[in-house]
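My notes follow the structure.

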2 protein chains.
Amino acid sequence: MAGLVGEFEVKVDAKGRFLFPSGLRKQLSPATQRDFMLNKGFEDCLTLYPLPEWEKISEKLAKMNLFKPKNRMFYRLFHQGAKLIALDNAGRILIPTAHMERVGLNQDVMLIAYNDRIEIWDKSKYFDVIEGNMADFADLADEVMGDLDDGE
Amino acid sequence: MAGLVGEFEVKVDAKGRFLFPSGLRKQLSPATQRDFMLNKGFEDCLTLYPLPEWEKISEKLAKMNLFKPKNRMFYRLFHQGAKLIALDNAGRILIPTAHMERVGLNQDVMLIAYNDRIEIWDKSKYFDVIEGNMADFADLADEVMGDLDDGE
DNA sequence: AAAAATTACCCACTATTACCCACTTTCTTC
DNA sequence: GAAGAAAGTGGGTAATAGTGGGTAATTTTT
């Protein structure tokens, strides 16, 4: 699999749940469709990792030299707020209140899936960020894709 | 493949579907005639990538280091509106309502094929943009293609 | 330990989409 | 120009996706 893809709009109901979109579910093997690790994301979002992907990241981090203060701090910060989550029988996810407040989630939520992760954004915040960066998109493409070519 | 070409006019039916023109289908190998990746293009249009073309790009992106903020942002920008799409048995594409609204698609739609992609425009919007820029065509040619000579 | 709040589990309903079938029109071939 | 094939339209229906909320179980609070 080339990784997760897709942008999905979901609605949080009165109980703080939303349906995990079928389009995303189908990208995951049956064994990984139920359990996820929820963590705070970079920038203003939450991130959902399929368990196997989370373990890959964990392994990477475990290789760090934890005698270095900076590494220890990064390790703590990265894991702080991580929580194991499972879908209910209707295929919905319940986001803990504390997490929702942390990134200012309202009723309208966007799920952004790429590579090994699913980001959870407040819809209006997401589009603000996207529009704010759109102007730099071309430059960014040049910069990012340019770097990649160097590696080949 | 020498790349896709052509401008096609299609009509969106009451269910939000349109027929993928046979002239375009014939440019694709049988294996790639069914599945596409839809996403939001530059300017006010949607872009359809044949799956193999999309995967080429994906492979490159998968090598990025996602601990770098720039790379994450690029990923998000590039994946805007990304959604896997398949034709139905009658060879039609269903464009999700959210996507149609996002770029203001009405009943009359233009498909613009070039290189590895197919752009989907609202007809009137497309001609507005074309006409609006026609006057600058000569200058643009000079500006864009003029540089090419230097490199050859 | 009782009350309140949160979370998990379950059931019922609605909307959307995938799938199918039938028909009309246009192009090809004889 | 007739016959057949392919292109293009339109819509019905069954299955799935998505929504809403009741109640039991668990946890938290007083």
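I count two strands as paired if DSSP finds at least two bridges between them, and I take helices (H or I, at least four residues) and strands (E, at least two) as DSSP runs numbered from the N terminus. With that settled, I looked up S1(B) and found that eight bridges join S1(B) to strand S7 (residues 108–115) of chain B, the two running antiparallel.

The model is predicted, so I note that local features need pLDDT of at least 70, that side-chain atom pairs count only at pLDDT 80 or more, and that totals for chains, interfaces and linings use all residues. Residues are numbered from 1 along each chain as its sequence is written, chains are lettered from A and ligands numbered from 1 in the order in which they are written, and side-chain values use heavy atoms, with hydrogens and water left out.

**Sheet of chain B.** I read an open sheet of six strands in the order S1-S7-S8-S4-S3-S5 (chain B), with antiparallel pairing. Within S7(B), I found Met110(B) as the bridge partner of Glu9(B).

**Sheet of chain A.** Here I read an open sheet of six strands, ordered S1-S7-S8-S4-S3-S5 (chain A) and paired antiparallel. Which helix of chain B packs on the sheet? I found helix H3 (residues 69–78) of chain B there, touching S7 and strand S8 (117–122) of chain A (contact meaning heavy atoms within 4.5 Å), and its direction makes about 110 degrees with that of S7(A). Such angles run from 0 to 180 degrees between N-to-C directions, with axes fitted to C-alpha atoms, for helices over the stretch in contact.

**Between the chains.** The contact takes 28 residues from chain A and 25 residues from chain B. I noted about 2,700 Å² buried between chain A and chain B, with carbon and sulfur atoms giving 69%; buried area is the accessible area (1.4 Å probe) that two parts lose on being put together, summed over both.

I also looked up salt bridges (a side-chain nitrogen of Lys or Arg within 4 Å of a carboxyl oxygen of Asp or Glu), and the count between chain A and chain B is five. One of them joins the side chains of Arg76(B) and Glu119(A), at 2.6 Å from N to O. On the side of chain A that touches chain B, the largest share, eight residues, comes from H6(A).
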